[in-house]
Amino acid sequence: MTTTTSHVPEYVPESEGPDGGVAAARPARLIHTESTTEIPVHLLFREEPAAPPAEVKRPAVVAHRPPPEKEDRDTRDIGVRARASAPGVDPDIVERPARVLPGIAGVLAGVCGAAGCAVTAWWAGVLPPFAAEAFGRSAGAGGPGPAQWAAFAGAGALGLFGFGGLARGRTGRAWVLELFGRYRGTVRGTGLLWVNPLLLRRRVDVRLRHWRGEPLPAADRGGVALRVSVLVVWRVRDTARATLGVEDHEGYLRACVEAALLRVPVAAPGAGRGAVQATQDVLTRLVAADAGPVGVEVCAVRPLRVEYAPEVAAAMHRRRLAALDARHRASVVGAVVDSVEDTVTRLTMRGLVDLDDYERQVLVKDLTVAFCAWRGETGS
């Protein structure tokens, strides 16, 4: 079996045969500088195994491209999330429940302490005269001894701890407890409770709260200066972080709102409901991301009043009036043109007049002037 490397066949010229005849021309060899390789016969008829299927590799490019609107929206959301960088807070500061006892335990301890003091005084003979006469015991002459003083100290400490640790828990209020500067837990219970009197208590309001801020600087999508008053609905979610993680969580929340207004374009005055809702959602997401690590949960940030800054208010007012006037003029011209066209069409279709091109132009001109003058008198 041979392989060929030539594509143009060559022919050998005719020659005389051994009997004197002319032999037919035969084609020249088609292979030049060939290399012949012997192939065994059994290999020609061998059944080749099926080639393994080629491994289909996944394309390196993205097969599906989202629609432009969705892509832009996702890009904006990613940009907003990237800009909303949350501050770092000590991870060890996390709210946990404090160990408290029912108030009845404190009352019993206080009563026992007071009773112990009274019994010790009777034992030492230091009762007041009226009390000594009532109990039929005379006052001691030597005074209390060491044992009596120890009993007095124990009973007095028990009474002070019992009555001094009583506290009243209220709905919507919590206590953050500290012992020598270390966080010991949060009390959210209600009713009469007993708390260790050695602990420092900080009262925190955990109810749903809101505040309306003063007008803050902002800008719309065109960069025009605005003044925005917002309503922030929030509450303290983690009392430990709100009290110990930041100096003043209310002031910090106000600063977060002001920073968010400077980063988000606010819907201009007179914008539609959709634009206002979009601004509210972005503001809420940004402020919640900033205030969340310090234990403050932001429910909503709603723009209440949006107005132009004093330095641009007059110019924007003139611009709005000019736009309204241009819109009104356009509507008046459209109505006049429609009226003139309808009048000329009716006159022509009913056969009331037979107009050539020049007369038609004159009629249209006169009707336009008349209708515009009538519209002007009606508007004034």
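The legends below describe close-up views of a predicted model.

Local features are given only where pLDDT is at least 70, and side-chain atom pairs only at pLDDT 80 or more, while totals for chains, interfaces and linings use all residues. Residues are numbered from 1 along each chain as its sequence is written, and side-chain values use heavy atoms, with hydrogens and water left out.

**View 1. The open sheet β6-β5-β8.** Three strands lie in this order with antiparallel pairing. β6 (182-187) and β8 (200-205) are the edge strands, and each has a single partner, so one side of each lacks a neighbour in the sheet. From one strand to the next, the twist averages 25°; axes are lines fitted to C-alpha atoms, for helices over the stretch in contact, and angles run from 0 to 180 degrees between N-to-C directions. Strand β5 (residues 173-179) is joined to β8 by six bridges, and the two run antiparallel. Ala174 has Val204 of β8 opposite. Strands (E, at least two residues) and helices (H or I, at least four residues) are DSSP runs numbered from the N terminus, and two strands pair if DSSP finds at least two bridges between them. Strands of a sheet pair through backbone hydrogen bonds, either parallel or antiparallel.

**View 2. The open sheet β3-β7-β4.** Three strands form this sheet, and the pairing is antiparallel. At its edges stand β3 (101-102) and β4 (166-169), each with a single partner strand, so one side of each is left without a neighbour in the sheet. Two bridges link β3 to strand β7 (residues 191-194). Leu193 in β7 is the bridge partner of Pro102.

View 3. Four bridges join strand β10 to strand β11 (residues 225-236), and the two run antiparallel. Ala218 stands opposite Leu226 in β11. Buried means under 20% relative accessible area, exposed over 50%, and partly exposed in between (1.4 Å probe, protein chains only). Five residues lie between the strands of the hairpin, where Gly223 takes a positive phi near 85°.

View 4. One aromatic pair is found in a search of the whole structure. Trp149 and Phe152 form this tilted pair, with 6.1 Å from centre to centre and 50° between the planes. Rings of Phe, Tyr and Trp (its six-membered ring) pair if their centres lie within 6.5 Å; planes under 30 degrees apart count as stacked, over 60 as edge-to-face and the rest as tilted. Both residues belong to α5 (residues 146-164) and are three residues apart, about one turn of the helix. Trp149 counts as exposed because its relative accessibility is 54%; Phe152, at 22%, counts as partly exposed.

**View 5. The loop that holds Pro91.** Pro91 lies in the loop between α2 (68-83) and β3. Its relative accessibility is 58%, so Pro91 counts as exposed. Pro91 and Pro293 are 202 residues apart in sequence, yet 9.6 Å apart in space, C-alpha to C-alpha.
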